[in-house]
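User: I'd like to learn how to read a few features of a protein model. Could you take me through them one by one?

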Amino acid sequence: MAALGTVGAIGGVGASPAYAAIDDTESPTAPGPITVVASGTTWLELTWAASTDNVGVVGYVVSARFEDNGRTWSTDTNSIRITDLGPSRTYIFGVAGLDAAGNRSPSSPTLRLTMPPGDDQAPSAPGQPVAYDVASTVVWLRWAPSTENVVLDRYEVYRVDAGGQLTVVRELYQFPPRPTVTQVSGLTPNTTYTFVVRARDEAGNWSALSPPVTVTTSAPPPSCAVRTVVRQRSGGFAAYLSVENTGTTAVNGWTMTWRFWASQELRALWGAQVVDRPNNSYLRVRNTGHNAVIRPGGAVSLGVVATGTQLPEEVALNGGVCVVADR
């Protein structure tokens, strides 16, 4: 949870005896329960029973928490008017008293309050999801964002089951706003799925559903073994890899990844084509036109020339981790 940031400060609020800051170690009593005097969609007025103290209470610290964010205010009376709140947001308020010596009381009983709605306009429907990086049990989805007149709360991703029933598979909260990209996991290999997305604003208004996307997960990752022959070169190495399909099912089209540090530079590659460098920590390559099929017990060969001393490791073929030997 984020630390609360102080807005304003208790200071210059009522004179106190000089000895108070030196001799007073007794904290004020906890303020009484918080009461809402008045409220709008973005503001409210609160009051509470005053704290008592052996010397004197000079002010109060009022806190408000919304999800993992917090704010604080100060007041020298047992009431406050707070503005710039969000419509339909649920806040948890608390109050603590302060005396002249800086002793702080226990917090009052907290008040959980949902602000009145200030928005009756639903967000627009999200764009049609696009499926990418489809694996045997995982698929990534991205979509064009909704437009909203006030504040967007979240997106929900649904699996469309037989008969049109919707099952929530992911929630993507937008506080703070984040890219409209998410991963759906726990899927079954070789299975067709349909997904849709919709948006919700902070007032509880739901958008229409996005157009659907249908995707078929890939076969389970193959069992594989990688045998390497490495030749050291000036400033780097050349690695020759033989990738064997140790499973019982043919691989028809493949991608391979291995650990490839950001400090390394690829100088040459044969037997495969570069796809990308995910997270700048791995190199991902794919088959060429002539070596897409690896039959059970068969193998393909490829080679790489790179800088540095980090040799190919953590090798995966179509998401299946390969045994690496003969370094």
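User: Let's start with strands. Which residue in β15 is the bridge partner of Thr194?

Analyst: The bridge partner of Thr194 in β15 is Thr214. Before going on, keep in mind that this is a predicted model, where local features need pLDDT of at least 70, side-chain atom pairs count only at pLDDT 80 or more, and totals for chains, interfaces and linings use all residues. Residues are numbered from 1 along each chain as its sequence is written, and side-chain values use heavy atoms, with hydrogens and water left out. Strands are DSSP runs (E, at least two residues), numbered from the N terminus, and helices are runs of H or I with at least four. Two strands pair if DSSP finds at least two bridges between them. Here, β14 (residues 192-201) and β15 pair in the antiparallel sense over 4 bridges.

User: Which residues of β15 are on its covered face, and which on the uncovered one?

Analyst: In a regular strand the side chains alternate between the two faces of the sheet. In β15 (residues 213-216), Val213 and Val215 make up the covered face, while Thr214 and Thr216 make up the uncovered one.

User: Now aromatic rings. How many aromatic pairs are there?

Analyst: A pair of aromatic rings is described by the distance of the centres and the angle of the planes. The rule is that rings of Phe, Tyr and Trp (its six-membered ring) pair if their centres lie within 6.5 Å; planes under 30 degrees apart count as stacked, over 60 as edge-to-face and the rest as tilted. The count by this rule comes to 8 aromatic pairs. One of them is Tyr132 with Trp140: the ring centres are 6.4 Å apart and the planes at 35°, so this pair is tilted. Tyr132 is partly exposed at 22% relative accessible area, and Trp140 is partly exposed at 30%.

User: Why is the pair of Tyr193 and Phe195 called stacked?

Analyst: Because their planes are at 20°, with the ring centres 6.0 Å apart. Tyr193 and Phe195 are both buried. There's a cluster to find as well: Phe66, Tyr91, Phe93 and Phe175 form one aromatic cluster.

User: Which charged residue lies over the face of Trp43?

Analyst: A charge sits over a ring if NZ of Lys or CZ of Arg is within 6 Å of the ring centre and within 35 degrees of the ring normal. Over the face of Trp43 you'll find Arg81, at 4.1 Å from the ring centre. Likewise, Arg198 lies over the face of Trp206, at 4.0 Å from the ring centre.

User: How many salt bridges does the structure hold?

Analyst: A salt bridge is a side-chain nitrogen of Lys or Arg within 4 Å of a carboxyl oxygen of Asp or Glu. The structure holds 11 salt bridges. Take Arg154 and Glu171, whose side chains meet at 3.7 Å, N to O. Arg154 lies in strand β11 (residues 152-160) and Glu171 in strand β12 (residues 166-173), so the pair ties together parts that are 17 residues apart in sequence. Arg154 counts as buried at 13% relative accessibility, whereas Glu171 counts as partly exposed at 36%. Both belong to a network of salt bridges that links Asp153, Arg154, Glu156, Glu171 and Arg200.

User: Which residue forms a salt bridge with Glu314?

Analyst: That's Arg259, with the closest N and O atoms 3.3 Å apart. Glu314 lies in the loop between β24 (299-307) and β25 (316-317) and Arg259 in strand β19 (residues 255-259), so the pair ties together parts that are 55 residues apart in sequence. Glu314 is partly exposed at 40%, but Arg259 is buried at 15%.

How values were computed:
Buried means under 20% relative accessible area, exposed over 50%, partly exposed in between (1.4 Å probe, protein chains only).
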